[in-house]
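Please look at the sequence and the model before reading on.

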Amino acid sequence: MRVVIVGGGIVGCASAYYLAERGAEVVVCERSNVGAGSTERSAGGIRAQFSTPVNVALSRASVRVWERFEEEFGTDIAYRRPGYLFLAREEATAEGLADAVAVQNELGVPSELLTPEEAHERCPGLRRESFRAATYSPTDGFSDPHLALQGFAASARESGAEIRTGVEVTDVLREGDAVVGVETTEGRIEAEFVVNAAGPWARRIGGMAGVDLPVVPERRQIAVVEPETPVPESVPLTIDLDTGSYFRPERDGAALVGGHFSPSASADPDAYDRTTDLDWTVEALERAADCATYFGPETRVRRGWAGLYAVTPDHHPIIEETVPGFVNAVGFSGHGFQHAPATGQLVAELVFEGSASLVDISELDGARFAEGRTVEERNVA
């Protein structure tokens with residue numbers, strides 16, 4: 001069985017690995033270089049503190065792989081687990097966090113609802129007087145996206161997958177209702193299955209197959225800074241849900257600062273600014289300083305970058321065989337990196353069994369938007 005995967009990011013490479021491991025003849029078509037889309041620009045977060053059961057399940061299935069990644073793939077991905085700390089300023093946000101913890105605990109996630117004083121114990125620089133409540137889970141953390149991607153890509157190749165870089169898919173081929181391959185800048189490739197793992201380009205690839213995917217590329221920014229006061233490496237990845245700001249420790253007291261503070265607008269994945277905006281950087285540091293005492297006027301910016309989220313209306317992915325032979329694994333809304341291990345296994349199940357068993361993904365079909373069955377994720381950064 002031949003499978004063509006469109007997109008050489010971490011979702012595409014994880015899918016290639018799990019498909020090749022099961023004996024598929026896999027060809028990955030990447031228009032640029034492996035990871036050149038969103039993966040290499042990710043913050044690398046890995047968490048189970050989501051507000052919906054399906055996202056929690058995707059996280060738990062993925063964490064089982066992240067925990068043994070070095071053993072299985074032979075790559076140290078710098079996986080660190082200082083936890084995630086979600087913060088609420090508003091009463092409604094605090095109530096939402098309490099509801100989310102109940103969902104998480106029922107599914108085996110050891111998260112807990114904290115008072116501002118308890119949150120301050122986890123993040124000593126926290127301006128606790130500004131917050132009503134927080135949640136924390138010790139099993140959350142982050143890793144290096146580049147190392148993780150290279151681990152999946154190398155193992156996919158070792159398992160027999162072919163990863164073609166500089167090869168762009170220009171059309172998805174159909175015979176009747178079924179997809180039968182792709183046309184590329186290097187010619188036609190026939191296949192029993194085509195997997196759309198194109199990230200910000202997902203809607204474009206879907207359109208080639210006659211499928212309208214509500215996936216919009218949205219630009220997000222990150223800065224690496226030297227805080228006024230060094231951030232200890234034991235501090236969790238801290239998210240101020242009501243302001244949209246977040247930060248996490250880097251090595252040697254540095255910090256990664258991010259957030260989205262203005263109305264979302266679509267971006268052209270072929271022509272967007274990959275550097276940070278000065279106005280955004282100033283606002284990001286002001287909001288971080290309003291959250292924690294680590295940041296202040298003496299904070300220095302080392303570098304920054306921008307990348308793209310592939311966003312759906314409910315911030316959940318579409319994972320399904322949408323038409324015969326055409327599998328979508330798209331629209332992760334910023335969560336594609338951390339959910340890639342589970343997604344790769346689910347793609348392999350859809351190809352070989354025709355249905356998924358690792359996680360119940362029945363809610364993640366593309367028809368849910370038109371039918372009003374969306375499942376809104378509230379814990380979005």
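## A strand pair

Arg2 stands opposite Glu25 in β2. Strand β1 (residues 2-6) and strand β2 (residues 25-30) run parallel and are joined by 5 bridges. Strands are DSSP runs of E with at least two residues, helices are runs of H or I with at least four, and both are numbered from the N terminus. Two strands pair if DSSP finds at least two bridges between them.

The model is predicted: local features need pLDDT of at least 70 and side-chain atom pairs count only at pLDDT 80 or more, while totals for chains, interfaces and linings use all residues. Residues are numbered from 1 along each chain as its sequence is written, and side-chain values use heavy atoms, leaving out hydrogens and water.

## The sheet

An open sheet with mixed pairing is formed by 6 strands in the order β8-β2-β1-β12-β19-β18. At its edges stand β8 (162-165) and β18 (318-323), each with a single partner strand, so one side of each has no neighbour in the sheet.

## Two helices

Helix α2 (residues 53-67) and helix α9 (residues 336-352) pack at an angle of about 90°, with axes 7 Å apart. Axes are lines fitted to C-alpha atoms, for helices over the stretch in contact, and angles run from 0 to 180 degrees between N-to-C directions. The two helices, α2 and α9, are therefore roughly perpendicular (65 to 115 degrees).

## Around Phe152

Not counting residues up to four places away in sequence, Phe152 touches (heavy atoms within 4.5 Å) residues including Ile10, Trp66 and Pro341.

How values were computed: Parallel < 35°, antiparallel > 145°, perpendicular 65-115°, else oblique.
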